[in-house]
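Hello,

Here is the structure we talked about passing on. My notes on what was found in it follow below.

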Amino acid sequence: MGLKTQRRIPGKQISVEDQRRFGVDGLLPSKAMYPASPEEAAQSLQVCAEAGVTAVIHGGGTQIGLGNPPRSYDVAVSTARLDQLLEYEPADLTCRVQAGMRIQVLQETLAKKGQRLPLDPPLPGRATLGGILAANTNGLNAGRYGTVRDWVVGIAVAYPTGKVARAGGKVVKNVAGYDLMKLHIGALGTLGLIAEVNLKVQTLPEAAATLLAHFENVSDALEAARQLARSYLAPASLALLDRKTLWECGVTADWHWTLAVGLEGYAREVKAAQTQTSGVIRSAGGRIDALEAPPGFWERTRDWPAAETDQVGLHGMSSLTGLASMVRAAGPEARLLAHPAAGEVHLRVPIGTAELMLWRLRQATGEEGRVIVRSAPAEMKVALNVWGPPPPGFPLMQGLKRALDPKTTLNPGRFVGGI
Amino acid sequence: LDQAARDHLAARLKAVVGPKYAFADRYEVRLYQYDASPETALPDAVVIPGSAQEVAVVVKICAEMGVPLVARCGSSSLAGGTVPVAGGVVVAFNRMNRILEVDLENLRAVVEPGVVNLALSQHLRPLGFYYVPDPSSQGACTIGGNVGTNAGGPHTLLYGVTVNHVTGLEVALPSGELIQVGPKKAAISTGYDLTGLLVGSEGTMAVATKIWVKIAPVPPASKTLLAIYQDVRTASNAVSAVVGKGILPAAIEMMDNLSIQAVEAASHAGYPLDAGAVLLLEVDGIPAVAEDLAQRMSDVCREYGATEVRVAKDEAERQALWKGRKGAFSAMGRLSPDFYVMDGVVPRTKLPETLEAIARISERTGFKICNVFHAGDGNLHPLVLFDSFKPGQYEQVLKIGDEILKLCADLGGSITGEHGVGLEKRENIRFVFSQDDLDVMDQVRRVFDPLKLMNPGKLFPTDGQRAVPAPPARSRRVGAPAPEEEAIWV
């Protein structure tokens, strides 16, 4: 990379402010591109590929700390100008949006027609749909409504070859061609730039209710969560919080472990679920002190995993039983937020003990689960092995990267196994 | 392949699976030349492996010899997905039909590809759980085939299609490797979602040998309604109305008059013979909620022109209504010696104009077209009735099919909602994808299968003429089929 200063880097001059905003793990881009259409995005990437420079795609920046530090970073490709709603037909329960649209803006549009996209990733005021797909960012309700992949029915992707290619379509049921939506969801922008997204939406629930229950010990809380997660009237949101996390989410109670249950559905269904949930909690040894969450509680809980801190953020994903093992292994002093119905747990760990905690969690979850570093100081990332061991089928993943991004233009090194 | 090469291939396959389970005899392989589509092609050899390891070796032998292979389970593909159009080896999964594990704690089951869809749910039901996707052919089709086509069914409206219920795969690759991909018992994992990519790839990239599926608690109650309409337009508008009123039904199915005639004759489910169209609607929930929603749906249906709404009184009546719907394709034998089924999708709001356009095509061409389909999803199944013994009819029917799929594509829909592209629609895929789109898919395919030996001739366009099979040289019995014959098919 000694030649770096001699290469002509394409793109617009970047303001100091944007340069800082687009920085990844301390690396700053020297140019930026702001495509306004899928075709322009493809041309931008092609220009980068042909010039032999590297690019990072930037949406809302809420997940920009994810992954290894890039091996190099010349150009930021921002989706800020790709922010239009392209089609929305409420009676079809589908919409088509440009990927730079912020999810909150979309939700507000849908809400006017009594609908929503049942995904609730952190920081919806900033997170873009393209970023949510690329980072596969899920929220509190994934146990009930599924993850990002369950709501995307079509996609338009700009590739470094300069081409725009689509997959899927606009309709809710479609098996024509390969499901390349799945390939790009969670790919962290290493295969192409997601330019447009076609989504399924659903009617807003008729009723909602919250229960906050607290437990003396974590095993009882996990047992209650286990029963709720597999019952027919499963909660829409189910979160397990330790005492400190609870405070940070706005509840100042001296509870060891809190199970926050969000119920949604038809009015009579929610009523029945309240009764059932209370029964499960009591018989597992929990106490219900609040039938209402304080204002802002659910929003703070949703955003907690993405908040910027000076600690290391870990994200465990496993089976429902694997989740329970991870929570137990984290120990009584851990600061965590678990989604027991989705098999996910987020932790904040002091820098000094991050390596030990990561090791303990990876031991606990076995080969079935994964624990990744969600955020950490760049200099720690290599030692922590942020993605863990390469997943099965890794050579195929390398092959896919070579096929679709042959010059390694996009996000070099940031993804699993250094892809 | 010539006879010597076939014998050599068969000998190598026999060495893997034993002499009983591999054969290349011209007479024996004939059973494997067809599926539920009209197309046929003879394989060079058939192998029926008994384990994933055997599959892996078979795949490796095929790759070494440069011989194509096609995985086949229930062979109920309506799109020619399992017809060995390039010859080669048919890998039949009939022996790999074990349910390997049921993990109620983690809401997963692990199965071999040959497990019949319905058999899994029957196995789970006593435990209070089921496998949600229920294609109409669920008594014959297998989970492996469902994974190949990303199969749907009536209940996808609320619960999604196969890919939403599959979390892991073990696959054999052309390299002879056996790898496990996907989060399996977790919901998400790291790396590219190879499971999601492979589901619905119609066996063109790898062969599945083991499948992790989600299982769900059985709804405490289901209420099924039959709403009767004078015509399909009124019924179509009612579909949009129900969805627009904030009710999330588990299924909304439609049948037009011609379909009702056939279904009623076959199953005596109590469908009104004089109705222009009927909707079959279902809601799931706890008993009080299901009851409530059934009433609300019933009101909406009446408000939007239903002349009558019947609610299934008990489970027997409900099952009778579903039996009629799920047996609809096979009941068509009562109307016509042959039928050709399409699988187009349109946005729900385009249903009325699509159905009217199809009616105009029927009038213009003189071929009767029935409609029995997943109205809630906008997934149409026009059935073109014809007689393959009459020269030229099949060719005409294929043209009608092309026209209907073009219509769906032009209205913002798709050429296939659940049956797959297969052999049947490989040229029609250009209605929905550009060459650039297909190029990317082809690049992805070659990562898995650089020699293109996995189910070749499917999914991708060849830009050639579609092969029109000669009329079948068989005798035909006159009259209605026996009840047990109607019960087993699609």
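The contact between the two chains draws on 70 residues from chain A and 86 residues from chain B. Please keep in mind that this is a predicted model. About 6300 Å² is buried between chain A and chain B, with carbon and sulfur atoms giving 62% of that area.

Eight salt bridges are found across the interface of chain A and chain B, along with 23 residue pairs in polar contact. On the chain A side, several elements supply at least two residues each, among them β9 (164-168), α7 (218-229) and α14 (394-404). The largest share, seven residues, comes from α14(A). By class, the side of chain A that touches chain B has 35 nonpolar, 16 polar and 19 charged residues.

The side chain of A:R230 meets B:E105 at 3.2 Å, N to O. B:E105 also forms a salt bridge with A:R226, where the closest N and O atoms are 2.5 Å apart. That pair crosses between chains, from the loop between β5 (99-103) and β6 (108-111) of chain B to helix α7 of chain A. B:E105 counts as partly exposed, at 27% relative accessibility, and A:R226 is partly exposed as well, at 31%.

Within chain B, B:E101 forms a salt bridge with B:K185, with the closest N and O atoms 2.5 Å apart. The two lie 84 residues apart, B:E101 in strand β5 and B:K185 in the loop between β9 (178-181) and α6 (194-198) of chain B. B:E101 is partly exposed, with a relative accessible area of 33%, whereas B:K185 is buried at 13%.

Now chain A by itself. It has 14 helices and 19 strands. Its radius of gyration is 22 Å, close to the 22 Å from the globule rule for 419 residues, so chain A is as compact as a globular protein of that length. The C-alpha trace spans about 70 × 55 × 40 Å along its principal axes. Of the 419 residues of chain A, 63% count as buried.

One salt bridge in chain A joins A:E196 and A:R166 (3.0 Å, N to O). A:E196 sits in strand β10 (residues 193-200) and A:R166 in strand β9, 30 residues apart. A:E196 is buried, with a relative accessible area of 6%, while A:R166 is partly exposed at 34%. Both belong to a network of salt bridges that also links A:E87, A:R96 and A:K170. Over all chains, the structure holds 43 salt bridges.

Regards

Notes
Residues are numbered from 1 along each chain as its sequence is written. Chains are lettered from A and ligands numbered from 1 in the order in which they are written. This is a predicted model: local features need pLDDT of at least 70, side-chain atom pairs count only at pLDDT 80 or more; totals for chains, interfaces and linings use all residues. Side-chain values use heavy atoms; hydrogens and water are left out. Contact means heavy atoms within 4.5 Å. Buried area is the accessible area (1.4 Å probe) that two parts lose on being put together, summed over both. A salt bridge is a side-chain nitrogen of Lys or Arg within 4 Å of a carboxyl oxygen of Asp or Glu. A polar contact is a pair of N or O atoms within 3.5 Å; within protein, one must be able to donate a hydrogen and the other to accept it, and residues adjacent in sequence count only if both atoms are side-chain atoms. Helices (H or I, at least four residues) and strands (E, at least two) are DSSP runs, numbered from the N terminus. Ala, Val, Leu, Ile, Met, Phe, Trp, Tyr, Cys and Pro count as nonpolar, Asp, Glu, Lys and Arg as charged, and the others, Gly among them, as polar. The radius of gyration is taken over C-alpha atoms; the globule rule is 2.2 Å times the number of residues to the power 0.38. Buried means under 20% relative accessible area, exposed over 50%, partly exposed in between (1.4 Å probe, protein chains only).
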